[in-house]
Amino acid sequence: MQTGSCSISVIFLWLVTSAVLAKAVDNMEGNTAASKRPIRQSQSLCAGEQEYVHKRKQVVLESLRRLGINCAADSVPHIALLASGGGQRAAVGLVGSLYQMEKEDLLDTLLYLGGVSGSTWSMSSIYSDPQWSTNMDTAVSRLSGPGVELGEAFAWINERSKDEYFSLTDVWGVLTSAGIMKQMDLRHLSDEVSRNATNPYPIYSAIEKHCFSDGPIEGKWLEVSPHEAGFTELGLFIETSLLGSKFEGGELLEEKPEMDMVTLQGVLGCALADEETVKVFIPPWLNVPGYIDATAEEYLHVYNRLIKLVALTRSTIKDPTALSDMDKLQKILEDSMVPLCLRSEERFHLVDAGLLINVAYPPFLGDKRDIDLIVAPEYSAGNMFETLTLARDYAAEVRRAFPDINNKTLEERDWPKDCYVFEGKQNEPSIIYLPLFNRRNCKDAEEVKAKMEEFSTFQRPFSQEKIEFVLEVAKDNIKNNKETLLREINKAVLRQHNKRKSMQH
């Protein structure tokens, strides 16, 4: 049995040197192959997600009308709820937040639902019900249910142990599924592609371990939806049903069975798959140096030189045909930029995205999903507002718009308010930030600290009393801030309307 992260046998061998130039010549001469490649290179939504979002907008439009919000069919706002990680605290908290969103008739305003780490445990659980957003009572009652028979969990482990890449990630998956979410969900994520648009479109996140340790930011964040899985910034995607299959040279080499939701929970929510995180919880004499990819920086240096050379050459020519050829070459170089920390490995090793940013901001920044409003219930441990500042820094590095964060607000980290609005001015999404423990439910900073310790991330499964407490706190945070949510939803409608209007001129 392997230890550490989950190994995903997916190989993207898109070369930056001779192969790229050969491909450039082929493209310029019109010799590109007509056959469909299993790896999609694009910064646009895939057709399946586009279709789902189009249908979901009708649900959102009807919801807005029920709330008395005037909205034209072409101005439906793009609203995403992005739940933070935080172990069982996040898993239970998200169920409570969604429950209250349904009771306040706000749940159907969401176009997307994104999660990392612990919040993905409850996401994978609730999506086992194709109609979950119409009846959150079922999800709440499951948390208090009898759980899974030990024999069923052992049978699953026994079967998984026969797999070549069986690891402790699988053990973590069954512990969270059976022990915390009280079910063994053996379906596959790609099964959801045939569903209607009753629920918000789900986006799960992980990070690639080797690039996380010592690689460029473009190779770190991986998003997984029912339709596709791939690297957010690189724009490299495969069908989710092929996640775990083997690729070489951009072609499917060997198709493997898709992992079930139990294994996926283990991949998405196991922070202990990273050695640096493990070091916090083990004796110093057991510490093992992490993986270091020393050539990643050299690779990026060469790549950047190529990009600059193309740009310089382009600036010295006037011929339209030559300019068109240079544009094609530059696009090929950009499309083919796969960091060496990915190219040099036979398998990707996916780990908990919360190790990088404990909220799934990366897939929802920029033009691809064009998000107007983010609802961000914060269940994280550690420094309050850290997920925001990390996301802000990430956005700056990948050149995505992000709202301003007032330094004065950061001074309230030890005893935060129950709601903050970070307003987007132009291209930035607005963010409604909702700390779980706050001034409304804790009398001072010491009580906030005590609550975070009582409901710490790494502990045995919560008692029924603890489950009910976190559920009620999360519900109250939504109920108490309904007016703020409605106000910002109204602004999001206007924002989307203005975007559409400006595109027409």
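## Helix 2

In this predicted model, helix 2 covers residues 47–66. At 1.5 Å a residue its 20 residues should span 28 Å, and the end C-alpha atoms are 29 Å apart, which agrees. The expected span is 1.5 Å times one less than the number of residues. Helices (H or I, at least four residues) and strands (E, at least two) are DSSP runs, numbered from the N terminus. Residues are numbered from 1 along each chain as its sequence is written. Because the model is predicted, local features need pLDDT of at least 70 and side-chain atom pairs count only at pLDDT 80 or more, while totals for chains, interfaces and linings use all residues; side-chain values use heavy atoms, without hydrogens and water.

The buried residues of helix 2 are Gly48, Glu49, Tyr52, Val53, Arg56, Lys57, Val60, Leu61, Ser63 and Leu64. Buried means under 20% relative accessible area, exposed over 50%, and partly exposed in between (1.4 Å probe, protein chains only). An α-helix has 3.6 residues a turn, so residues three or four places apart point the same way. The buried residues of helix 2 pack against strand 4 (112–115), strand 5 (201–208) and helix 18 (482–503), where contact means heavy atoms within 4.5 Å. Glycine 68, with a positive phi near 80°, follows the helix.

Strands pair if DSSP finds at least two bridges between them. Strand 4 runs parallel to strand 5, joined by 4 bridges, and glycine 115 stands opposite tyrosine 204. Strand 6 (residues 221–224) is antiparallel to strand 5, also with 4 bridges; here glutamate 223 is the bridge partner of serine 205. Strand 11 is antiparallel to strand 5 with 3 bridges, and its valine 351 stands opposite isoleucine 207.

## Aromatic pairs and charges over rings

Rings of Phe, Tyr and Trp (its six-membered ring) pair if their centres lie within 6.5 Å; planes under 30 degrees apart count as stacked, over 60 as edge-to-face and the rest as tilted. The count comes to 14 aromatic pairs. One of them, tyrosine 127 with tryptophan 132, is edge-to-face, at 5.2 Å centre to centre and 65° between the planes. Tyrosine 127 is buried at 1% relative accessibility, and tryptophan 132 is buried at 2%. The pair of phenylalanine 437 and phenylalanine 455 is tilted, because the planes lie at 35°, with centres 6.0 Å apart. Tyr52, Tyr112, Tyr201 and Phe364 form one aromatic cluster.

A charge sits over a ring if NZ of Lys or CZ of Arg is within 6 Å of the ring centre and within 35 degrees of the ring normal. The charged end of lysine 466 sits over phenylalanine 455, 5.6 Å from the ring centre. Lysine 475 has its charged end over the ring of tyrosine 99, 4.2 Å from the centre.

## Nonpolar cores

A nonpolar core is a set of buried Ala, Val, Leu, Ile, Met, Phe, Trp, Tyr and Cys residues joined through side-chain atoms within 4.5 Å. The largest has 118 residues, and those with the most contacts inside it are Leu81, Leu98, Tyr112, Trp221, Tyr361, Leu388 and Phe402. Helix 3 (residues 87–103) gives the largest share, 8 residues. Another core, of 8 residues, lies apart and includes Ala153, Ile157, Phe166 and Met184.
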